[in-house]
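Hi there,

Here is the structure I promised to pass on to you. Have a look at it first, and then read my notes below.

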Amino acid sequence: MRCGKTVSSEDEEYCNDCHMIPKSYEKGYPVFVYQDPLKKALYDFKYHNQREYAVFFAKCMYLCYRKEWERLEIDGIVPVPVHRRKRRARGYNQAYLLAKELSKHLNVPCHASYLVRISDTNPQKELNDKERMNNLKNAFKIGQNRIELKRVLLVDDIYTSGATIDSCAKVLKSAAVEKVWYTSVAIGHGYSK
């Protein structure tokens, strides 16, 4: 009911992660569970210049959640930013490619520079869940823009511990955004102690 991870029984509404760690966003809308063969596709999308995958992934997101998103009255789609050094090395931000495609489907503007990553943090995939939370403290800020958003859909490729999405949601809410939801292509299995 909150992050979108699977629960151990149908009587539960929240996964262990959501019981253990409060979330700064309203709800998550992940499409797939992060496992093979999707893992390889997302790796190729992110690191091997398979930018065209964004079209398929965004369409899957849209088809899964379009009716609910239309009810939310989202006024802006914001991709999770990457640091300029990583974007220069990779050539693109995979979250932006997804957000741009979703924007076309939902007819909601994509604001690529609304959030800015100011710290070139260690890759999250190399850290455990507790290290991920600390790694992202003060990593994001609101970009220089004059747009006022109230209801934002954050977009990323993978949700694992939730540290990235939560950090972004906190910054957005500190800038008077009232509601933040997120979507991702895939979601991990849960909190590792």
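Let me begin with the surface. The chain exposes about 10400 Å², and 47% of that comes from carbon and sulfur atoms. One thing to keep in mind throughout: this is a predicted model.

Now the overall build. The chain holds seven helices and six strands. If you walk along the sequence, they come in the pattern α-β-α-α-β-α-α-β-α-β-β-α-β.

What about the inside? Of the 193 residues, 49% count as buried. I also looked at contacts between residues at least 6 apart in sequence: 79% of these join residues at least 24 apart.

Next, the charges. The chain has 33 positive and 23 negative charges, and their mean positions lie 7 Å apart. Side chains of opposite charge can pair when their charged atoms come close. How many salt bridges are there in the chain? The count comes to seven. Here are some pairs to find on your screen.

Start with D17 and K5, whose side chains meet in a salt bridge with 2.2 Å from N to O. D17 sits in helix α1 (residues 16-20) and K5 in the segment before α1, so this pair ties together parts that are twelve residues apart in sequence. Are these two residues buried or exposed? D17 is buried, with a relative accessible area of 3%, and K5 is buried too, at 7%.

Then go to D157 and K46, which also form a salt bridge, with their closest N and O atoms 3.6 Å apart. Which parts of the chain does this pair tie together? D157 lies in strand β5 (residues 151-159) and K46 in helix α2 (residues 38-47), so the parts being joined are 111 residues apart in sequence. D157 is buried, with a relative accessible area of 2%. K46 has a relative accessible area of 19%, and because buried means under 20%, K46 counts as buried as well.

K104 counts as exposed, at 58% relative accessibility, whereas E101 is buried, with a relative accessible area of 13%.

How far apart are the C-alpha atoms of A163 and K39? They are separated by 19 Å, and the two residues are 124 apart along the chain.

Cheers!

Notes:
Residues numbered from 1 in each chain as written. Predicted model: local features only at pLDDT ≥ 70, side-chain atom pairs only at ≥ 80, totals over all residues. Heavy atoms only, no water. Helix = DSSP H or I, 4+ residues; strand = E, 2+ residues; numbered from the N terminus. Buried < 20%, exposed > 50% of the residue type's maximum accessible area, 1.4 Å probe, protein only. Contact = heavy atoms within 4.5 Å. Areas by Shrake-Rupley, 256 points an atom, 1.4 Å probe, with all protein chains shown as cover. Lys, Arg positive; Asp, Glu negative; His and termini not counted. Charge placed at Lys NZ, Arg CZ, Asp CG, Glu CD. Salt bridge = Lys/Arg side-chain N within 4 Å of Asp/Glu carboxyl O.
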